[in-house]
Amino acid sequence: MSATADHAEERTNPAARLGFQPGQVVQEIGYDDDVDQELREAIEEAVEGDLMDEDYDDVADAVVLWFRDDDGDLTDALVDATTYIEEGGSILLLTPKTGRSGYVEPSDIQDAAKTAGLTAAKSVSVGKDWSGSRLATPKATKPKK
C-alpha cells in the first residue's frame, strides 16, 4: 500500500486513526448491547484478530473500555484497566456522546485519567453515538547509567 493509501485509511478507518496495529492483543471491557459494532469490527480488522473479553487472563497491548455514567466509578474502572495492559500501552475509553444516555462529562474523564496515572489525549468522535479518549500509561523510565 502506498503512503497516500495509508493516510487515506487512517482518515476513514477510526481504528487505524486511533493507532491500532496488526498483531496487537486488545482486551475489551464493558461490552453491552449498545456498543458500536462497526467500531468493534474495524478494530478487529486493524489488529487482524478478535477482541479479547473481560475474562482474558494475559497482558494486552491495549484495552477498549466502554463506559457509561451509570457504570460506577470511572477512576476505579481506569485503574483496573491498567492492570491488563503492557507498560506504555493505551486505553481507548469510549463514552456516549453528548445528549446520549450514559454521557460522561469531559472534565470527569480528565480527572479520572489523571488520578489513575494516565495521560489523556483529546477526545475524538468514533461513531454516531460514541466518543473516544485515548489514554496512555506511563512508559517505564530507563535506569540511568
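## Close-up views of a predicted model

**View 1. Strand β1, helix α3 and strand β2 form a left-handed β-α-β unit.** The model is predicted. Strand β1 covers residues 26–29. Helix α3 spans residues 37–47, and strand β2 spans residues 60–66. β1 and β2 run parallel and are joined by four bridges. Within this pairing, E28 stands opposite V64 of β2.

**View 2. Strand β2 pairs in parallel with strand β3.** Six bridges join β2 to β3, which comprises residues 85–96. One of the facing pairs is L65 with its bridge partner L93 in β3. Between these two strands the chain passes through helix α4, residues 74–82. This β-α-β crossover is right-handed. The unit built from β1, α3 and β2, by comparison, is left-handed.

**View 3. Strand β2 is largely enclosed by the rest of the structure.** Six of its seven residues are buried, so the strand has the remainder of the structure around it for most of its length. β2 has parallel bridges to β1 and parallel bridges to β3. The buried residues of α3 also pack against β2.

View 4. The buried residues of α3 are L39, R40, A42, I43, A46 and V47. The buried residues pack against α2 (14–17), β1, β2 and β3.

**View 5. T95 is a buried residue of strand β3.** What is the relative accessible area of T95? The value is 3%, under the 20% limit, so T95 counts as buried. Beyond neighbours within four places in sequence, T95 is in contact with F67, V104, I109, D129, W130 and S131. Of these, I109 belongs to the buried residues of helix α5.

**View 6. G102 is buried in the loop between β3 and α5.** The relative accessible area of G102 is 18%. That falls under the 20% cut-off, so G102 counts as buried. Which residues does G102 contact, leaving aside neighbours within four places in sequence? They are R68, D69 and P96. The C-alpha atoms of G102 and F67 are separated by 8.0 Å, although the two residues are 35 residues apart along the chain. F67 is also among the contacts of T95.

**View 7. Helix α5 buries one face.** Helix α5 covers residues 106–115, and its buried residues are I109, A112 and A113. Seen down the axis, these fall within an arc of 100 degrees, so they line one face of the helix. D111, K114 and T115 are exposed on the other side. I109 is in contact with T95, which is placed in strand β3. Just after α5, G117 takes a positive phi of about 80 degrees.

Methods:
Residues are numbered from 1 along each chain as its sequence is written. This is a predicted model: local features need pLDDT of at least 70, side-chain atom pairs count only at pLDDT 80 or more; totals for chains, interfaces and linings use all residues. Side-chain values use heavy atoms; hydrogens and water are left out. Buried means under 20% relative accessible area, exposed over 50%, partly exposed in between (1.4 Å probe, protein chains only). The arc is that of the directions from the helix axis to the C-beta atoms. Two strands pair if DSSP finds at least two bridges between them. A crossover is right-handed if, with the strands pointing away from the viewer, the path from the first strand over the helix to the second runs clockwise. Contact means heavy atoms within 4.5 Å.
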